Amino acid sequence: MVSNTRASILLIVSGGIAAYKALSLIRLLRANHIRVRCILTKGGAEFVTPLSLQTLSEETVYSDLFSLTQNHEIEHISLSRQADMIVIYPASANLLARMAQGFADDLASTVLLATPDHIRILVAPAMNVKMWEHPATQTNCELLKKRGILFADPETGAMACHEYGKGRLVSPETINQMICQKLFGHQPLNGKKALVTAGPTYEPIDPVRFLGNFSSGRQGYAIAECLRDYGAEVTLITGPTTIPHPTGMKIVPVTTAQEMLNACEAALPVDIAVMTAAVADWRVKTFSDQKIKKQNNHQPPTLELTPNPDILAWISQHPTLRPELVIGFAAETQNILEHAKAKLERKKCDWIIANNVSPNTKIMGGEENEVTLLSSSDSQHFHRSSKKDIAGLLTQQIVKFFSP
Ligand code: C5P
């Protein structure tokens, strides 16, 4: 079973030349961290193999009603009950007719008949133009629509049978968007890739000690979750934190600044980079393999420091893979806006989020934040509120940036 999922789809693949498109759909859904369990009908198995579906979905593929009951599983009940949504892609004229009539003569039709009312069913028909236009098919579709079944009507175009007309299966991208919209609501960042860094970095001094900071990772995690909820495909690169990792995104745990840089490099290309992490500015020049012992004369050791790579400056000035929107953070304790502006210019990011992390604000490591978003031409203040609210306000600005 696939872990770190945010929703579960039961995908029914029925017969037709377009069945191969189900393979691309599984990949798109999996990239959105949606669990996909497949039922392959007898007709569907003439066009795609169970092994292809199984490999891409990383799940058992179901096809036979009777072998399941022999295993004493009431699978036709549980398969639909465990899904947030059922998608039939492609739906053949035959399956539509059997659904309309309430047949239960194979696993797919039986599961559909056993589906509780609250689970949405989305149907994407694909067939020859004459079959689609036939009154029998049209009557079946009308009946199913009246019962609340959702339709992704076929498109008009050239067909595999060399005819032209309506009946072509909607693309995997279109049905993926429809599914995400139904499951998660408005998805203005669908199709965008985002990289978020969060938390502190720890720079080892010896096997038991490190240089670190009080960052909790809360603000970065909240931003990553918000971007995910708006439809972005998120990679979260996180330093060591004690809060639970968000779900529905790729998580890359790292410890040091150098590891964070390597992970960022591996995550490119992306459209949006939000560098929330409190990256340690320095590391010790020479890591001691053994625990540094106290000296007899009680003199503390002298640690020689060396600068860490500046990940924000690196990504903002990347010669080939610079994200369209790069956002940095400026955690300051004095002359906040002045320092933040200087950082925006020096690092060459698009926006910088300035915040006051003086201990009396209880912002660093805390639940709340108060920030000012600065760009080269504009500034906006977000009043003190939860880090989740600040993430929401920032994400709305990101959506605006990408809206035509
Ligand atoms: O230079 P300063 O640490 O104040 O800049 C803060 C911003 O730069 C944050 O967005 C932080 O994630 C990023 N940064 C970085 N690499 C560093 C230091 C900071 O990406 N070595």
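Residues are numbered from 1 along each chain as its sequence is written, and side-chain values use heavy atoms, with hydrogens and water left out. As this is a predicted model, local features need pLDDT of at least 70 and side-chain atom pairs count only at pLDDT 80 or more, while totals for chains, interfaces and linings use all residues.

**Exercise 1.** Find how many disulfides the structure holds.

*Solution.* Start with the rule: a disulfide is a pair of cysteine sulfur atoms within 2.5 Å. Next, take Cys 38: its closest cysteine sulfur, in Cys 180, is 16 Å away, too far for a bond. Then take Cys 264, whose nearest cysteine sulfur, that of Cys 349, is 14 Å away. The count for the structure is zero.

**Exercise 2.** Decide whether Cys 38 and Cys 264 are buried or exposed.

*Solution.* Buried means under 20% relative accessible area, exposed over 50%, partly exposed in between (1.4 Å probe, protein chains only). Cys 38 has a value of 0%, so this residue is buried. Cys 264 is buried too, with 0%.

**Exercise 3.** Describe the largest nonpolar core and the contacts of Ile 327.

*Solution.* Such a core is a set of buried Ala, Val, Leu, Ile, Met, Phe, Trp, Tyr and Cys residues joined through side-chain atoms within 4.5 Å. The largest one has 31 residues, and Ile 327 is among those with the most contacts inside it. Apart from this core lies another, of 30 residues, including Ala 7 and Val 13. Now look at Ile 327: beyond its neighbours within four places in sequence, its contacts (heavy atoms within 4.5 Å) include Val 274, Trp 351 and Leu 394.
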